[in-house]
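Work through the exercises below with the sequence and the model side by side. Try each task before reading its solution.

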Amino acid sequence: MLADKINQDLALAMKAKDALCVSILRFLKAALANAAIAKRVSQLEDADVVETVLKLIKQHEESIEGFKKGNRQDLVAKETKEMEILKKYCPPEASREEILEWLRSAIQESGAQGIGDLGKVMKAVMPKVKGKADGKRVNELAKELLGGKSDG
């Protein structure tokens, strides 16, 4: 299970005295414990672990944006390193072609005619892409397809 892999990696990081890795993995373990409590389960499924990791990655992305605006390159670098550690526990991101395939299927299922039906398409496609693609990227590609700007 993914939670076991995180525990093993934490032990290795502690032996290697990798302070940043130890810190972020402990933070991740705390977030996973909170998620387990919220779901009222003793052990999270891998999908729930990935969902929690993705939330943390999103928080790091938002922090990076804020630190860039504040011209804090030291903190941008730290957040980026932490985010890279977290990304090890996510499945590889779907390719543009895979996302477009899911979107075309969702457009057909929902009967979407144009950009006004973006909400219908996103509602249909997001359960399929959850954990496999960034929602913002999916939204941009959906707009391309619905707006007729896409070459695919």
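The exercises go from the whole chain to single residues.

This is a predicted model, in which local features need pLDDT of at least 70, side-chain atom pairs count only at pLDDT 80 or more, and totals for chains, interfaces and linings use all residues. Residues are numbered from 1 along each chain as its sequence is written, and side-chain values use heavy atoms, with hydrogens and water left out.

**Exercise 1. Describe the overall fold and extent of the protein.**

Step 1. List the secondary structure. Helices (H or I, at least four residues) and strands (E, at least two) are DSSP runs, numbered from the N terminus. The protein has seven helices and zero strands, and its pattern along the sequence reads α-α-α-α-α-α-α.

Step 2. Take the extent. Along the principal axes, the C-alpha atoms fill a box of roughly 55 × 40 × 25 Å.

Step 3. Look at burial and contacts. Buried means under 20% relative accessible area, exposed over 50%, and partly exposed in between (1.4 Å probe, protein chains only). Of the 152 residues, 36% count as buried. A contact means heavy atoms within 4.5 Å. Among contacts with a separation of 6 or more, 61% join residues 24 or more positions apart.

Step 4. Accessible areas come from the Shrake-Rupley method with a 1.4 Å probe; for residues, only the protein chains shown count as cover. The accessible surface comes to about 9,500 Å², and 53% of that belongs to carbon and sulfur atoms.

**Exercise 2. Count the charged side chains and locate the patch of negative charge.**

Step 1. Lys and Arg count as positive and Asp and Glu as negative, while His and the chain ends are not counted. The place of a charge is taken as NZ of Lys, CZ of Arg, CG of Asp or CD of Glu.

Step 2. Count. There are 27 positive and 24 negative side chains, and the centres of the two sets lie 4 Å apart.

Step 3. Find the patch. Patches are made of residues with over 30% relative accessible area and no salt bridge, where like charges are joined within 9 Å and nonpolar side chains (Val, Leu, Ile, Met, Phe, Trp, Tyr) within 5 Å. Glu61, Glu62, Glu65, Asp134 and Glu140 form a negative patch on the surface.

Step 4. Assign the patch to elements. Helix α3 (residues 46-69) gives the largest share, three residues. Glutamate 62 lies in helix α3 and counts as exposed because its relative accessibility is 51%.

**Exercise 3. Decide whether threonine 52, glutamate 82 and glutamine 113 are buried or exposed, and name what lies around them.**

Step 1. Threonine 52 is in helix α3. Its relative accessible area is 9%, so threonine 52 is buried. Leaving out residues up to four places away in sequence, threonine 52 touches Ala31, Leu32 and Ala35.

Step 2. Glutamate 82 is in helix α4 (residues 73-87). At 6% relative accessibility, glutamate 82 is buried. With residues up to four places away again left out, glutamate 82 touches Leu20, Ile24 and His60.

Step 3. Glutamine 113 is in the loop between α5 and α6. Glutamine 113 counts as exposed because its relative accessibility is 71%. The C-alpha atoms of glutamine 113 and leucine 146 are separated by 7.2 Å, with the two residues 33 apart along the chain.

Methods:
Salt bridge = Lys/Arg side-chain N within 4 Å of Asp/Glu carboxyl O.
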